[in-house]
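Let's take a friendly walk through this structure, starting with the parts of one chain and then turning to how the chains meet. Have a look at it first.

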2 protein chains.
Amino acid sequence: MSKLLIRAMVLPMTGPEVFYSRGEIGIDGDRIVSVGEEGSAPENFVPDRVLNLPNDVVMPGLINTHTHAAMTLLRSYADDLPLMPWLNEKVWPFEDKMTEEDIYWGTSLALCEMIRSGTTTMLDMYASMDQVAEAVLQAGTRAVLSRGLIGNGPNGERALQEGIDLVRRYQGAGQGRLKVMFGPHAPYTCSGEYLQKVKAHADRLGVGIHIHVAETLDEIKMIHDQYGKTPVEWLEELGLFGGHVVAAHCVHLTRKDMDILARNKVCVAYNPESNMKLNSGTAPITELRAQGIVVSLGTDGASSNNNLDLFGEMRSAAFQQKLRVNSTALPAYEVLEMATVNGAQSLGLEDVGMLAPGFKADLITVDLDQPHFYPRFSIPAHLAYVAHAGDVRMMMVDGKILMEDRKILTLDVHKVCQEAEIRAKRIANALNG
Amino acid sequence: MSKLLIRAMVLPMTGPEVFYSRGEIGIDGDRIVSVGEEGSAPENFVPDRVLNLPNDVVMPGLINTHTHAAMTLLRSYADDLPLMPWLNEKVWPFEDKMTEEDIYWGTSLALCEMIRSGTTTMLDMYASMDQVAEAVLQAGTRAVLSRGLIGNGPNGERALQEGIDLVRRYQGAGQGRLKVMFGPHAPYTCSGEYLQKVKAHADRLGVGIHIHVAETLDEIKMIHDQYGKTPVEWLEELGLFGGHVVAAHCVHLTRKDMDILARNKVCVAYNPESNMKLNSGTAPITELRAQGIVVSLGTDGASSNNNLDLFGEMRSAAFQQKLRVNSTALPAYEVLEMATVNGAQSLGLEDVGMLAPGFKADLITVDLDQPHFYPRFSIPAHLAYVAHAGDVRMMMVDGKILMEDRKILTLDVHKVCQEAEIRAKRIANALNG
């Protein structure tokens with residue numbers, strides 16, 4: 001196990017006042033052993049390598065808690081359309097033609113983009129999740145994987161079995177870098193009976209649930225027409241809550257819904273850019289946080305965003321809430337917490353999301369020696385409101401450097417981009433004659 | 001005069017269908033002579049240099065039609081505060097301590113950021129505009145400069161005289177790269193009489209007006225209490241409209257206001273991120289454009305944004321309007337037009353904003369050989385919804401290369417950043433003890 005010392009500014013995300021302007025982090029193998037001002041590493045810590053980055057800030061890797069990685073293949077394929085034609089005529093026919101290999105390469109493309117933009121961990125929901133798992137193992141990032149389950153379709157049972165197999169095969173793989181959840185798609189695409197069956201398997205296997213909830217007003221109406229309740233009330237009645245649940249979107253909630261989410265410790269993944277682009281609405285994030293609900297950030301898929309840049313997502317999250325509430329809503333440090341500490345809590349990862357002794361060495365450095373980062377009044381405000389994807393210089397996951405000087409070390413980026421291009425165009429050509 | 005041929009993808013912004021996937025642009029001195037597919041340059045065009053960038057897209061330089069450049073010195077100095085304490089306790093005391101030299105260096109910092117992020121032209125409003133002019137001349141960009149005028153303050157007359165002097169000194173300077181307008185701040189900070197005096201001088205000198213209009217509900221109330229009208233009605237009654245006017249913000253408008261703006265051919269500068277961050281509201285951009293009003297984009301100052309990245313601003317503009325109207329609102333190509341063609345129209349610049357023979361060679365290239373730009377289904381969607389500041393590789397203004405391979409050639413970036421850092425911290429220290 002090699003020992004590394006990083007000398008840089010350090011924003012460990014262990015509290016709003018904690019910042020080391022000339023800091024250092026000691027790393028032994030996959031774990032952080034010390035965090036503090038320069039010279040704070042234990043005397044007996046003799047690094048094999050010292051990384052001097054005095055103009056970079058080290059922070060925890062960002063955590064994307066709701067995405068469909070392979071959908072990068074649909075990036076900029078269909079935009080500016082009404083929701084139903086977009087889904088019916090564009091997204092679903094395209095996805096229907098995606099092979100297992102396409103999903104591998106689409107996910108790899110997403111992972112290239114995530115590494116470049118500082119995302120060390122994702123919560124993914126898609127099909128052919130073995131391919132996703134293999135792509136993540138290759139890339140070296142951390143991921144929580146959920147097989148998307150459309151219970152109302154013809155493949156509901158098969159997909160559920162794949163979800164069960166996924167747990168058996170990949171739970172804890174990659175020295176713990178992979179974790180598995182079940183991914184029942186939404187209350188309007190899965191029957192109550194199916195959702196209860198999924199929940200029973202999840203409980204039996206000791207894994208959590210990742211589900212879309214209350215994303216659009218159409219969904220609210222559909223569930224109300226069918227069950228006479230809100231989606232959140234319906235899911236509670238079914239007994240889906242109570243264990244580990246990540247509910248994506250949660251745009252349209254009643255006061256009672258928020259109480260239910262709080263009481264059941266449901267974690268909410270906020271997707272501000274997707275919610276804007278698809279005209280879904282603005283989620284009541286300030287109210288959810290005031291109730292003590294863990295709220296984290298997600299990009300959703302690249303077809304409704306169209307990138308996977310969590311720096312942009314932080315800015316959109318804060319600005320969106322400021323527009324909705326007032327200019328003091330969701331301040332810089334809090335939105336940084338959502339993308340790091342809260343992301344880890346949301347995924348049940350107890351030793352990532354902060355830089356602290358004993359935590360996994362999942363971290364990034366952001367190159368602050370650029371005009372847009374001067375003057376340096378507030379590093380949290382710079383990271384939340386100024387930074388963008390291209391500012392990330394280095395990434396480490398589980399103590400292993402995945403990107404250095406903006407160059408990805410674990411993936412052949414050129415090949416990934418070319419494969420993605422060829423495969424996406426093949427599908428589009430098959431569909432459009 | 002040297003001749004340059006750029007071979008790259010070309011998005012000339014001359015129409016939604018015009019795109020050359022293997023294109024070329026011929027440039028002779030400060031002007032574009034040809035735009036088309038490879039091989040389309042005239043036979044007698046013998047370039048002194050050929051720039052081969054097959055994985056870049058060339059597009060017109062972006063145009064920021066509302067900013068206060070020197071306010072980069074306040075970047076991340078004060079965030080997440082209510083509007084009045086933010087202004088009274090933070091922004092205004094800081095600005096009060098800024099010297100002419102501080103304004104020079106703050107503007108230079110803004111120009112470094114603008115060049116890096118693809119902005120070739122800005123419409124600026126501030127004080128000590130001679131300093132701003134000198135900074136722009138040094139940087140090599142294009143700018144329209146307006147001396148900000150607070151008519152109700154003790155310096156209203158002096159500022160107006162400075163505005164007049166600015167026209168005399170800098171109108172057409174830098175081989176036409178500089179243009180001047182008057183900058184009466186807003187209807188609530190200038191009396192009717194003062195605004196009419198400004199307008200008379202503007203007409204006499206043949207220059208336009210740049211003014212904040214209907215930015216907040218507080219302003220609407222203030223003007224209504226004082227004059228019994230909306231700000232737009234009041235400005236029309238004063239006779240401020242009719243010539244060349246750029247009205248920044250225009251968040252809160254009545255139907256009648258929109259008719260007045262359309263009838264008077266007032267141009268509107270939309271600032272989506274500042275409007276979100278300061279909780280101002282969402283401007284009715286779709287309705288304004290439907291009325292044929294020219295709407296362009298601005299970042300506002302770095303204290304309410306906190307960057308000057310027009311790529312981010314395009315995404316925010318489109319997503320914000322989609323959220324407000326529906327998912328088809330403000331499609332990718334239209335928001336690109338706002339940042340280019342419409343920006344030029346707004347500033348009365350007849351030969352920039354598009355890539356066409358006879359137009360000024362104001363252009364940028366965007367490096368599309370990165371994971372987040374694959375697959376390449378729609379270049380406009382990539383530029384509007386995916387791209388960020390760091391993706392710009394090259395910039396040319398007036399036929400002169402200002403940045404190549406992401407390196408700025410006209411400014412000493414290191415010195416600018418250090419000067420900005422020292423000066424901003426000096427002011428903050430003086431204020432905060």
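In chain A, the centres of domain 1 and domain 2, taken over C-alpha atoms, are 28 Å apart. Domain 1 of chain A is made of 3–60 + 351–406, while domain 2 of chain A covers 62–346; these bounds come from an automatic or database domain assignment. The contact between them (heavy atoms within 4.5 Å) takes 32 residues from domain 1 of chain A and 34 residues from domain 2 of chain A.

A word on the ground rules: this is a predicted model, in which local features need pLDDT of at least 70 and side-chain atom pairs count only at pLDDT 80 or more, while totals for chains, interfaces and linings use all residues. Residues are numbered from 1 along each chain as its sequence is written, chains are lettered from A and ligands numbered from 1 in the order in which they are written, and side-chain values use heavy atoms, with hydrogens and water left out.

**Between the chains**

A rotation of 180 degrees, with 0.0 Å of shift along its axis, superposes chain A on chain B with an RMSD of 0.0 Å. The superposition is by least squares on the C-alpha atoms of residues with pLDDT of at least 70 in both copies. The two copies are thus related as by a two-fold rotation axis. In chain A, the C-alpha nearest that axis belongs to A:Gly390, at 2.7 Å.

How many residues of chain A are in contact with chain B? There are 61, and they meet 61 residues of chain B. Of the interface residues of chain A, 100% are also interface residues in chain B, so the copies meet through the same surface.

The table sets the two interfaces side by side. Buried area is the accessible area (1.4 Å probe) that two parts lose on being put together, summed over both.

| Interface | Buried area | Share on carbon and sulfur | Salt bridges |
|---|---|---|---|
| Domain 1 of chain A and domain 2 of chain A | about 2500 Å² | 69% | 2 |
| Chain A and chain B | about 5000 Å² | 61% | 2 |

**Details of the backbone**

The peptide bond from A:Tyr374 to A:Pro375 is cis, with omega near -20 degrees. In chain B, a cis peptide bond joins B:Tyr374 and B:Pro375, with omega about -15 degrees. A:Pro375 sits in the loop between E13 and H15 of chain A; helices (H or I, at least four residues) and strands (E, at least two) are DSSP runs, numbered from the N terminus. Finally, A:Lys265 has a phi near 50 degrees, a positive value in a residue other than glycine.

Note on methods
A salt bridge is a side-chain nitrogen of Lys or Arg within 4 Å of a carboxyl oxygen of Asp or Glu.
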